[in-house]
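Subject: Structure for your review

Dear colleague,

Please find below the structure that I am handing over to you.

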Amino acid sequence: MRILSGTPRRTRQPRAVRDTFTIVSESVLVGVRDRSLQRPDGRVVAWTEFGDVDGLPLLRVPGTPGCRYSLRADRTPWTQRHLRVITTERPGFGASSRLPGRRFREPADDMAAILDSLGLGAVHVIGGSGSAPHQLSFAARHPDRVLAMTVLVGAAPPTDDEIAQMIGINAEAHHLVRKGDLEGLHGLMEPIRTAMLEDPNATLREVMDRAPDADRAVMADPQWQAEYAIATREALRPGLDGWFDEGIAIASPWDDVEITAVRTSVTWWHAPKDANCPLSAAMRLVARLPNARLVQFGKDEGHLAAYHREGEILDELLARG
């Protein structure tokens, strides 16, 4: 397996894709409301809202690196279900203040504070990839705030054999954190951040070096590219710190997440060919959750399998709780 290091090469997009991207990108943030609050420690916590304020609240927790602009350009599945969609942001990403040394409990408490500021009680919660430990921490620490939860291709603590199955950057990041080489982790991530700011989609294609063809088909979709570019540039705009801190937390033991305290209903969707987080790691974690089930996508699908199933996934979530 090739381990990613240095700055990934950039792939020039065909003209037709660039033109479509420009058109679509202009609409990604239409109707999106930027919000923020200040926490007792002085930090700013930002989020976005979309939809009628009287709609059914849905708390969305973005993956890594993600931010409050980690949104769908096609929000028809949201409007059809009359949802008020609240997309969160974690420390150090986008407009949210950094919190050095943070783990998962702090972003979980930030999510509860967002709900408090909006006058909301229990809500449905959904997120994917690097959101998984943050979602589980939220459900464990604030069980009265979760009606039901969905995790999409979530991160899970891996074994050494599972790390070897991951895309290069994830595998090397886990090795560096386990060795305590945080300087090496910074050196791995900084040139990738620089490349992502310049060309998020070409860089992602390079980073996803073990992704199956199904993932590559999603990454070639101009609408998906528009969403990803806007979210990634905003997430990494303030610097590397948010992504760096989160990388350390995810690759370290999840000892501040009380897994057995997650009593809420959880549906965890995963894909057999997910090269960001192997299916076996997800299965092992789901087995520890008191009230969870794992649903597998198709046998040839990977980390981006949920993209074209938004309506189906939302209906399953909203039917619980």
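This is a predicted model: local features need pLDDT of at least 70, side-chain atom pairs count only at pLDDT 80 or more; totals for chains, interfaces and linings use all residues.

Eight strands make up an open sheet of mixed pairing, and their order is S1-S2-S4-S3-S5-S6-S7-S8. Its edges are strand S1 (33-38) and strand S8 (292-296), each of which pairs on one side only. From one strand to the next, the twist averages 20°.

Helix H7 and its two partners

Helix H7 (residues 182-198) takes part in two contacts that may interest you. In the one with helix H10 (residues 222-236), the axes come within 9 Å and cross at roughly 135°. An angle over 145 degrees would count as roughly antiparallel, and one of 65 to 115 as roughly perpendicular; H7 is therefore oblique to H10. The crossing of these two helices is left-handed. On the H7 side the contact involves Arg-193, Met-196, Leu-197 and Glu-198, and on the H10 side Tyr-228, Thr-232, Arg-233 and Leu-236. By class, four of the residues in this contact are nonpolar, one is polar and three are charged.

In the contact with helix H8 (residues 200-207), the axes of H7 and H8 come within 6 Å, again with a crossing of roughly 135°. H7 and H8 are therefore oblique to each other as well. Here H7 contributes Ile-192, Ala-195, Met-196, Leu-197 and Glu-198, while H8 contributes Pro-200, Thr-203 and Val-207. This contact has six nonpolar residues, one polar and one charged.

Leu-71

Leu-71 is found in the loop between S3 and H2. Is this residue buried or exposed? Its relative accessible area is 5%, under the 20% limit, so Leu-71 counts as buried. Apart from neighbours within four places in sequence, Leu-71 is in contact with Val-28, Leu-29, Val-32, Thr-48, Arg-60, Trp-78, Thr-87 and Glu-227. One of these, Thr-87, is 16 residues from Leu-71 along the chain, and the two C-alpha atoms are separated by 7.8 Å.

Backbone features

Most peptide bonds are trans, and most residues other than glycine have a negative phi.

- Thr-64 and Pro-65 are joined by a cis peptide bond, with omega at about -10°. Pro-65 lies in the loop between strand S3 (56-61) and helix H2 (76-80).
- His-82, although not a glycine, has a positive phi of about 50°. His-82 is located in the loop between H2 and strand S4 (83-87), and at 42% relative accessibility it counts as partly exposed.
- Val-153 is likewise not a glycine and has a positive phi of about 40°. Val-153 sits in the loop between strand S6 (146-152) and helix H5 (160-163), and it is buried, with a relative accessible area of 4%.

Yours sincerely

Terms used
Residues are numbered from 1 along each chain as its sequence is written. Side-chain values use heavy atoms; hydrogens and water are left out. Helices (H or I, at least four residues) and strands (E, at least two) are DSSP runs, numbered from the N terminus. Buried means under 20% relative accessible area, exposed over 50%, partly exposed in between (1.4 Å probe, protein chains only). Axes are lines fitted to C-alpha atoms, for helices over the stretch in contact, and angles run from 0 to 180 degrees between N-to-C directions. Angles under 35 degrees count as roughly parallel, over 145 as roughly antiparallel, 65 to 115 as roughly perpendicular and the rest as oblique. A crossing is left-handed if the near helix is turned anticlockwise from the far one by less than a right angle, and right-handed if clockwise. Contact means heavy atoms within 4.5 Å. Ala, Val, Leu, Ile, Met, Phe, Trp, Tyr, Cys and Pro count as nonpolar, Asp, Glu, Lys and Arg as charged, and the others, Gly among them, as polar. Two strands pair if DSSP finds at least two bridges between them.
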